[in-house]
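Hi,

Here is the structure I said I would pass on to you. Have a look at it first, and then read my notes below.

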Amino acid sequence: MWQFFHKLGSPRWFYGIANRFMPWLLVMGLVLTLAGIVWGLAFAPQDYLQGNSYRIIFIHVPSAFLAQSIYVMMASAALVTLVWHMKLADVFVKAVAPVGAVLTFLALFTGSVWGKPTWGTWWIWDARLTSMLILLFLYFGVIALGSAISDAKSSARAVAVLVLVGVVNIPIIKYSVEWWNTLHQPATFKLTEKPTMPAEMWVPLLLVVLGLYLLFGWLAFYRMQTEILDRERRTQWVKALNKPQGAA
Amino acid sequence: MHAKRKKRLTIVLFLLCGLGVAVALSTYALRQNISLFYDPSQIAAGEAPGEVRIRAGGMVEEGSVKRDLDSLKVNFRVTDYTASVTMQYDGILPDLFAEGQGVVATGRLQPDGVFIADQVLAKHDEQYMPPEVAESLERAAMLKKTVDKPAEGSASGY
């Protein structure tokens, strides 16, 4: 266990292992996401109240779910950065922050498009929507702070502190609909209870969530590899990668 | 674990806990400002200020919607099943507005307890189901009502 942990500290080792996982992540992710989206948008039954307009849930919920989940992963990596000073943890945070920002934006945008026909407004400053907007700004802050500091070590620490401070927002997002009166409805999916929708609706939704997780894994590995190559461009092993292989 | 790392971990976790407590206390203190609307029972208890624009929300009471025949004016009661408040609105209601559904209205509470709304938003719950399921649920509820009614009638008839 500890040996694995120490190996994780080696960017070179990670670069090789990522290559092995990436094709699987990409293919499985694409298959699951596409299957879930086609099923949800074309074949799942209509909602008794909202008709077809509820179908945006098949994009809205997975992107909102992943946006928060990515932040939690970033916070765990930030803790590793601060305590163990592991370079790879910082590579992860820098690589996935833009992905999280895009997904947060997608969740806000689809929510807005959904809100107009159902609630009657594009936007309202209720606790759920506002805390989600704060998450978007946190992502922007992480990206900006990371690129504002050129020294790798101080950049890693500053970003890690910001990410960890921002993690208090995650339970606020999650429980906002229970702690306060909001326009946003409570969660359809709870860990301890059955979802408040029939299986022909939640199964495709679950497929999209799983598919997006795998696609996120692929994209995270891909972006981490790029970041590693950039940081280690002066090392022997990266230079060796660039040499044409098998040439005479 | 290395002693130095252990120390760093303790410091980070300690700071995070402190931050969590600080945020929890301040959001708790601001809970009325964070909450989007007042419940009818809060209004009945006099917690909602008059004279200023506030939001009030709850369920539209069954059988309480009265539409004006020659204008867009509409009257309805909003309840949280302990208290209710009468609302007046002049405008186009959202598609999802219906008796038994949630609403959040912005407006002013009049001294006589009537809430004059200038915006009504629909609030839907986390339940999703196909129309057939909703229909059969409704049929089951109707059936139950017709079974209950004669019993009631006979009780009051004597």
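Let's start with B:Glu51, which sits in the loop between helix H3 (40-44) and strand S1 (53-60) of chain B. Helices (H or I, at least four residues) and strands (E, at least two) are DSSP runs, numbered from the N terminus. B:Glu51 is exposed because its relative accessible area is 66%; buried means under 20%, exposed over 50%, and partly exposed in between (1.4 Å probe, protein chains only). Its phi is near 75 degrees, a positive value in a residue that isn't glycine.

Before going on, some housekeeping: this is a predicted model, where local features need pLDDT of at least 70, side-chain atom pairs count only at pLDDT 80 or more, and totals for chains, interfaces and linings use all residues. Residues are numbered from 1 along each chain as its sequence is written, chains are lettered from A and ligands numbered from 1 in the order in which they are written, and side-chain values use heavy atoms, with hydrogens and water left out.

Chain A has a positive phi too: A:His85, not a glycine either, has a phi of about 55 degrees. You'll find A:His85 in the loop between helix H3 (57-84) and H4 of chain A, and A:His85 is partly exposed because its relative accessible area is 36%.

How confident is the predictor about chain A? The mean pLDDT (the predictor's confidence in each residue, from 0 to 100) of chain A is 91, and 95% of its residues reach 70 or more.

Now for the surface. A:Phe105, A:Phe109, A:Val113 and A:Trp122 make a nonpolar patch of about 420 Å². Patches are made of residues with over 30% relative accessible area and no salt bridge, with like charges joined within 9 Å and nonpolar side chains (Val, Leu, Ile, Met, Phe, Trp, Tyr) within 5 Å. A:Val113 belongs to helix H4 (residues 87-118) of chain A.

There is a patch of negative charge as well, where A:Glu200, B:Glu132, B:Glu135 and B:Glu138 gather. Helix H4 (residues 131-157) of chain B gives the most to this patch, with 3 residues. B:Glu132 lies in that helix, and B:Glu132 counts as exposed because its relative accessibility is 53%.

Cheers

Notes: Areas by Shrake-Rupley, 256 points an atom, 1.4 Å probe, with all protein chains shown as cover. Salt bridge = Lys/Arg side-chain N within 4 Å of Asp/Glu carboxyl O. Lys, Arg positive; Asp, Glu negative; His and termini not counted. Charge placed at Lys NZ, Arg CZ, Asp CG, Glu CD.
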